[in-house]
Amino acid sequence: MKEKRYDAIVVGAGVGGLTVGTLMAKEGLKVLILEQCDRPGGRAFSIKGKEISDKGFDWYKNMLAAQYSCLATSQPDIETIVKNRLLDGYTLDVGYHALSANGAGYMLDFEDQIGGLPEVKKHGGMWGNYYKGRIYHDVAGSKIDPEIKRIAKEMKIPFFSFYVDAHMMTDEQLDALEKVSFKQWADEKGISKSDVIFNHLHSVATLFSTINSPEDISIGEIFRYFKTAFGPKLMRGVLGDIGGFVEDGVGEWSKAVVRKFQALGGDLLLNAKVKKVLVENGAVKGVLVDTAEGEQTFAAARVVSNIPAQQTFKVIDKAHFPAGYPEKIERMYGYGSYCPYIGLNKLVMPEAEAKMGLKNTCVLPKSEGFDFDVYICWNIQSALDPSVAPAGKYLYTAYLPLTEKEATTPELVKKIVNRLPEFMEEVYPGFKASMDWKLDVVCWKLEGVAKSISQAGTQKVPVKSEHIQGLYFAGDTARGYGVAMDCAIVSGMICAGEILGKDFGHK
Ligand SMILES: Cc1cc2nc3c(=O)[nH]c(=O)nc-3n(C[C@H](O)[C@H](O)[C@H](O)COP(=O)(O)OP(=O)(O)OC[C@H]3O[C@@H](n4cnc5c(N)ncnc54)[C@H](O)[C@@H]3O)c2cc1C
């Protein structure tokens, strides 16, 4: 058995693991990142449609399964899709993968720390809310949709409070709001007096939390995100878009970070599954790994786990933690999603609308058996980034947040899968006739820990283990703020700061 020593080992090359690993390498530590899959990115990976045609459905199924996702169904059946190479020329992210604020959130803070990623192109656009048959534009810069402005003025509703109040708040005030729901805050502010305005802000709050129910969305979490991720970018004048996509797929971002990491002297080992984090006398000693060359041990006094916290105990013995602690972490719940991709042969909406990200808070009502009305955010991804679809074709992507339980209940998945094309047909007649193919991907861990009133912010897993010396956590389940990728990135920055005794701008 070989043994090689590092200053720090990171288990997992998800965006949180890549962030902490690269920052440590930049500060001169000898770092090894171990990744079980054949590519970096974790839940933020991309596949070329051609890869699916070449390697087949079993390969695709395994790629999805490694990231808590599966193909619920497809149109036509997946064998026909593969045989007829219908996906050739498309690039598919693991599911809908828009960048919060088109990457101008914590992602930009991290990129600044590592000297930028100029080769990564991001395509942002306008976002809006589709409500009762019309589109209301989201706030962009300081521009408010004229109809929302009119209603707010007429009904004396402090619409802009949602966007500006946070910037005047102290950390203590934000912490106190963690357990307050968006609904409670909206009621107290008088926002709920107008269904148009309440629905509009609810749709933005769900976008930034992935939680459907306004009674479960932590307003403190949203406000902290606005203040610490977006506030400084407003001052810099670089916050322009609500969302956007990485050119040629979200996986390109991770690949670019890996290039930086390796240029800084870091080692990345792919197809390397960590079997065990080795712990002796309450302190981390290294890791035992399955690699293509067989089992190997790597030694380090610091190990960062980038595996979602609830799964940590697959590689670290529960006996190293106090009684009840592992079970408490395992009970933390995340949020899943139904992520359809559809290949379209024509645009059935005006081009300006195709370039928008649109949201609606009720595709299927709660009365159909869901915990709350099912929300949707959709894009014609290829209208913003033509590289993800072949010439003359268009790629539709969407995300419909589902609780972990909903995402793993076949009858509910079936209902939402069947409903989606009907809903789109209602919005854009002719939509169904323009579909060449449809893949219905469902994941049960889009967000590792849901930013709910019972789990948000300071209630999350600390980046430094309180129980094992030298053990750290980074990723969207560990202490970090904001949504999904941004949350995983800021947690990697907080974790690196903790290890290096350095302030990377966020604590
Ligand atoms: C379908 C879907 C849609 C999404 N949509 C969006 C979106 O629109 N916008 C957005 O910002 N985010 C989105 N997300 C969420 C985003 O991808 C995640 O929040 C983020 O990527 C999590 O990163 P992470 O570093 O916390 O963890 P992960 O990505 O889970 O990384 C963990 C890594 O550890 C590896 N690993 C696990 N066990 C082992 C082991 N034993 N040994 C070695 N390696 C191991 C995994 O393979 C993985 O690479 C989506 C996620 C999914 C699944």
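The questions and answers below treat a predicted model.

Me: Which residues does the cis peptide bond join, and what is omega?
Reply: Pro76 sits in the loop between β5 (69-75) and α4 (78-83). The cis bond links this proline to Gln75. Its omega is about -10 degrees.

Me: Is Ala101 buried or exposed?
Reply: Ala101 belongs to the loop between β7 (99-100) and α5 (106-113). Phi here is near 50 degrees, a positive value in a residue other than glycine. Burial takes 20 or more other C-beta atoms within 10 Å. Ala101 has 27 of them, so Ala101 is buried.

Me: Where is Ala484 found, and what is its phi?
Reply: Ala484 counts as buried, because it has 25 C-beta neighbours inside 10 Å. Its place is in helix α18 (residues 484-500). Ala484 is not a glycine, yet its phi is positive, at about 45 degrees.

Me: How do α6 and α10 cross: what is the angle, and what is the class?
Reply: Two packed helices are described by the angle and the distance between their axes. The axes of α6 (residues 146-155) and α10 (residues 195-207) come within 10 Å. They cross at roughly 125 degrees.

Me: Which residues meet where α6 contacts α10, and how many of them are nonpolar?
Reply: From α6 come Ile148, Ile151 and Ala152. From α10 come Val196, Ile197 and His200. By class, the contact has no charged residues and one polar residue. The nonpolar residues number five.

Me: Which residues are closest to the ligand?
Reply: The ligand is surrounded by 42 residues. Elements giving two or more residues to this shell include α1 (15-26), β13 (273-280) and β17 (335-344). β21 (435-447) and α18 also give two or more. The closest residues are Gly12, Gly14, Gly42, Gly95 and Gly475.

Note on methods. Residues are numbered from 1 along each chain as its sequence is written. This is a predicted model: local features need pLDDT of at least 70, side-chain atom pairs count only at pLDDT 80 or more; totals for chains, interfaces and linings use all residues. Helices (H or I, at least four residues) and strands (E, at least two) are DSSP runs, numbered from the N terminus. A residue is buried if 20 or more other C-beta atoms lie within 10 Å of its own, exposed if 12 or fewer, and partly exposed in between; C-beta atoms are placed from the backbone. Axes are lines fitted to C-alpha atoms, for helices over the stretch in contact, and angles run from 0 to 180 degrees between N-to-C directions. Two residues are in contact if their C-beta atoms, placed from the backbone, lie within 7 Å. Ala, Val, Leu, Ile, Met, Phe, Trp, Tyr, Cys and Pro count as nonpolar, Asp, Glu, Lys and Arg as charged, and the others, Gly among them, as polar. A residue is near a molecule or strand if its C-beta atom, placed from the backbone, lies within 6 Å of it.
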